[in-house]
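Biologist: Could you show me how to read a few features of a model like this one? I would like to begin with where a residue sits.

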Amino acid sequence: MSTSSTEHWSFPRAELLPTYAFVASDAVKAEVRASGADIIDLGLGNPDRPTPRQIVEQLQQASTIGENHRYHPGRGLFRLREAVCGWYQRRYSASFDPNRQVMVTMGAKDGMTGLCLAMLAAGDTVLAPDPCYPIHRGAPLIAGAEVLTYSSTADEPAEAIQHALTRAERAGKAVKLVIANYPQNPTGRTITREQLKALCKVVQQSGAFLLHDLAYADLDFNQRFAPSIFDCGLPANQVEAFAVEVFSMSKSYHMPGWRIAYMVGNERMISALAHLKTYTDYGTFIPVQHAAAWALDNGDELAYEIRELYRGRAEALVQGLTHAGWENVAAPSGTMFLWVPIPPAYAGLSSSEATARLIREAHVAVSPGSGFGPGGEGFVRFALIEDPPRIEEACRRIARLFKRAA
Ligand SMILES: Cc1ncc(COP(=O)(O)O)c(C=O)c1O
């Protein structure tokens, strides 16, 4: 009988990726829950409310039609791609060709990963934010590229990117793709139109491509819509020459489990992604696409209510933590997160140690900052996925913990 073993084989991509930010504290949560404790879990940014009824009804209607149960290869339902173009026209006065410049994806994560796989390989260099939403670093890594970073906590994003580009050039590396994300996860930072224009100019002049993640388009608390790279003050046709933008239905319309998003802009990038996807999938379930099209055409008011929901929760959490004695709590200017330094009660601990202690001692779960990259060390992230009464309860628990530690 053969005794050969497979153990000597490595799985290079899986082994290259650090443990996902939200998985790291799962074991501690499970242990505390096993003792019967009720944990207020503000870790994963998983929207808690159901999708608005009107959108679900569109799905229900479309799902009764047998034709809609088939594979749907290609760039997405034409009706949805037209709705995407309408969304950009209405909000940002930007026009796109639905046949050549729009691609529907199974969530933003899927779109960004597919784009990186289509564009990148070993030997390519990518610039990603640090700290960042894990896929911004993960997608280029999965594609085999090298990832360099720029600070996403710098006050001037364009300068931070310029510094990183200069550092890369000095090291003899040409950056092929820059990834940016505003409003930003995990820091809750937003960008002004002028700052976004400066960012686009820096990338344009460098000769790199740009991937901008606009998942929080509706969650900018300073203005109704967060700025788009296609409405930043540079002519849109210049931006289209090197950039794409991603938007997700997950946050603006409470549709995280539906897995639907889209990418818009540079024809070559969109067509590379579409080509890759002819191999990897057959498109999102058609009724989901119909419902998404309806939401984009008719859902501005729904998205506005969702934004106000998160804004209210952010206010409640900032107030509650400050009242509890948590120092340096600054209100986020956007997103569904609060990013705060580790409190003095946990001084000297790493962000994962502080997270574990918070779960054990206050029964409140957050995400450790280090899960978003080395630049996140020293911070933790609260996701605003509970209503104010539960947020206030979390803050009372933290206040009691601080008192005991004092
Ligand atoms: C910046 C950012 N982009 C994309 C996503 C995920 O989008 P999707 O659900 O469409 O994959 C998230 C989710 O937290 C996010 O924070």
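Modeller: Gladly! Helices and strands here are DSSP runs, numbered from the N terminus. Keep in mind that this is a predicted model.

Biologist: Then where is the place of T192?

Modeller: T192 belongs to the loop between strand 5 (175-181) and helix 8 (193-206).

Biologist: Now to helix packing. How do I describe it?

Modeller: Two packed helices are described by the angle between their axes and the distance between the axes. Here, the axes of helix 5 (residues 108-119) and helix 6 (residues 134-142) come within 8 Å and cross at roughly 35°. The crossing of helix 5 and helix 6 is right-handed.

Biologist: Which residues make the contact?

Modeller: Helix 5 brings K109, M112, T113, C116 and L117, while helix 6 brings I135, H136, A139, P140 and I142. By class, this contact of helix 5 with helix 6 has 7 nonpolar, 2 polar and 1 charged residues.

Biologist: And how many residues surround the ligand?

Modeller: There are 13, and the closest are A108, D213, Y216, S250 and K251. Look at the ligand's oxygen atoms next. A backbone N or O atom of A108 is 2.7 Å from a ligand oxygen atom. For side chains, a polar atom of K251 lies 2.6 Å from an oxygen atom of the ligand, and a polar side-chain atom of R259 lies 2.8 Å from a ligand oxygen atom.

Terms used:
Residues are numbered from 1 along each chain as its sequence is written. This is a predicted model: local features need pLDDT of at least 70, side-chain atom pairs count only at pLDDT 80 or more; totals for chains, interfaces and linings use all residues. Side-chain values use heavy atoms; hydrogens and water are left out. Helices (H or I, at least four residues) and strands (E, at least two) are DSSP runs, numbered from the N terminus. Axes are lines fitted to C-alpha atoms, for helices over the stretch in contact, and angles run from 0 to 180 degrees between N-to-C directions. A crossing is left-handed if the near helix is turned anticlockwise from the far one by less than a right angle, and right-handed if clockwise. Contact means heavy atoms within 4.5 Å. Ala, Val, Leu, Ile, Met, Phe, Trp, Tyr, Cys and Pro count as nonpolar, Asp, Glu, Lys and Arg as charged, and the others, Gly among them, as polar. A residue is near a molecule or strand if one of its heavy atoms lies within 4 Å of it. A polar contact is a pair of N or O atoms within 3.5 Å; within protein, one must be able to donate a hydrogen and the other to accept it, and residues adjacent in sequence count only if both atoms are side-chain atoms.
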